[in-house]
Amino acid sequence: METMVKADGGALWADDTGGDGLPLVLVHPGVGDSTIWDPVLPALAARHRVIRYDARGYGRSPAPVAPYLPVADLSAVLDHFGLGRAVLVGSSMGGAASVGLALDEPERVAGLALFVPGVTGYPGLEDAEFYQDVERLAKAGDTEGIVRLGMGLWGAAGGGTPESDPVVAAHFRAVLPAWFANVGHQQPGSPAFDRLGEIAAPTVLALGELDRPVVVRCNEEMAARIPHCRLERLAASDHYPTLREPETVTRLIEELYAEAR
């Protein structure tokens, strides 16, 4: 069932498959909207209640009009659906929000499945040169140049070009309006990297071996800091694991779900 969730100063599109039992909440990356979960959703929904949503400006959610915190929006989604506890499945930007909630409201997080996750407070994770290039291309009206630039960083497994990987190119192209709409609105939140040792929930962290080297290093260090975290290396994945290895992603979520408490 589709619905709009009220959040502080804004709204979020969300979808709930319904069902009983501990729910899964899917939190998408910044390089895709909630449709990034399409390859794994049918298998998960066949066994569990699954909720996914679009971050502000992404997919079917309206653009932000005021500053907001992604972790607060995730909490608002749980509140809307009356979820006292859930298993969080977060990819990249969505992984950072999931980690933030596990630190801010640990009693609500029964398990964490993190795929190529980001995290606030990790030095060097944001590529300043990349965003300068994006700004330059945007001012020139070169949207396809931005797509090509981004795919070169995050889409290596498919050849890294729009021509070699049209599916990823479509996902990336679709989120560019959200990127620009979020400038000055999406706030990073408090640093979490140095607090990862506080996470109590069962956790699996899957990195993409073909991802950006700085993301791989970050993910390795995150897994080392999170107590009892299981680190998985996805040999065929870049920053799009649900598109590259959907069966493995589904299996890892199911295994983590079995450990959730």
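A cavity is here a set of points, on a 1 Å grid over the protein atoms alone, where a 1.4 Å probe fits but cannot get out, with grid points joined across faces, edges and corners and a volume taken as the space filled by probe spheres set on the points. By that definition, a search of the whole structure finds one cavity of 30 Å³ or more. The model is predicted, so local features need pLDDT of at least 70 and side-chain atom pairs count only at pLDDT 80 or more, whereas totals for chains, interfaces and linings use all residues. Residues are numbered from 1 along each chain as its sequence is written, and side-chain values use heavy atoms, with hydrogens and water left out.

**The cavity**
- The largest cavity has a volume of about 100 Å³.
- Its lining residues, which have an atom within 4 Å of a point, are Val-27, His-28, Tyr-53, Ala-55, Tyr-68, Pro-70, Asp-73, Met-93, Gly-94, Ala-97 and Gln-186.
- Helices H2 and H3 each supply at least two residues of this lining, and H3 gives the largest share, three residues; helices (H or I, at least four residues) and strands (E, at least two) are DSSP runs numbered from the N terminus.
- Seven of the lining residues are nonpolar, three polar and one charged, where Ala, Val, Leu, Ile, Met, Phe, Trp, Tyr, Cys and Pro count as nonpolar, Asp, Glu, Lys and Arg as charged, and the others, Gly among them, as polar.

**Helix H2**
- In H2 (residues 70–80), Val-71, Asp-73, Leu-74, Ser-75, Ala-76, Val-77 and Leu-78 are buried, that is, under 20% relative accessible area with a 1.4 Å probe and protein chains only.
- The cover over these buried residues, judged by contact (heavy atoms within 4.5 Å), includes strands S1 (2–7), S2 (10–16), S3 (24–27), S4 (50–53) and S5 (86–91) as well as helix H3 (93–104).
- After H2 comes Gly-82, with a positive phi near 65°.

**The sheet and its helices**
- Eight strands form an open sheet in the order S1-S2-S4-S3-S5-S6-S7-S8, with mixed pairing, two strands being paired if DSSP finds at least two bridges between them.
- S1 and S8 (230–234) stand at the edges with a single partner strand each, so one side of each is left without a neighbour in the sheet.
- S3 and S5 pair in the parallel sense over four bridges, and Val-27 has Gly-90 of S5 as its bridge partner.
- H3 lies across S3, S5 and S6 (109–115), running at about 145° to S5, with axes fitted to C-alpha atoms, for helices over the stretch in contact, and angles from 0 to 180 degrees between N-to-C directions.
- Helix H7 (residues 213–225) lies across S7 (203–208) and S8, at about 160° to S7.

Notes:
Buried means under 20% relative accessible area, exposed over 50%, partly exposed in between (1.4 Å probe, protein chains only). On a 1 Å grid over the protein atoms alone, a cavity is a set of points where a 1.4 Å probe fits but cannot get out, and a pocket is an open set with protein on both sides within 12 Å along at least five of seven lines; lining residues have an atom within 4 Å of a point.
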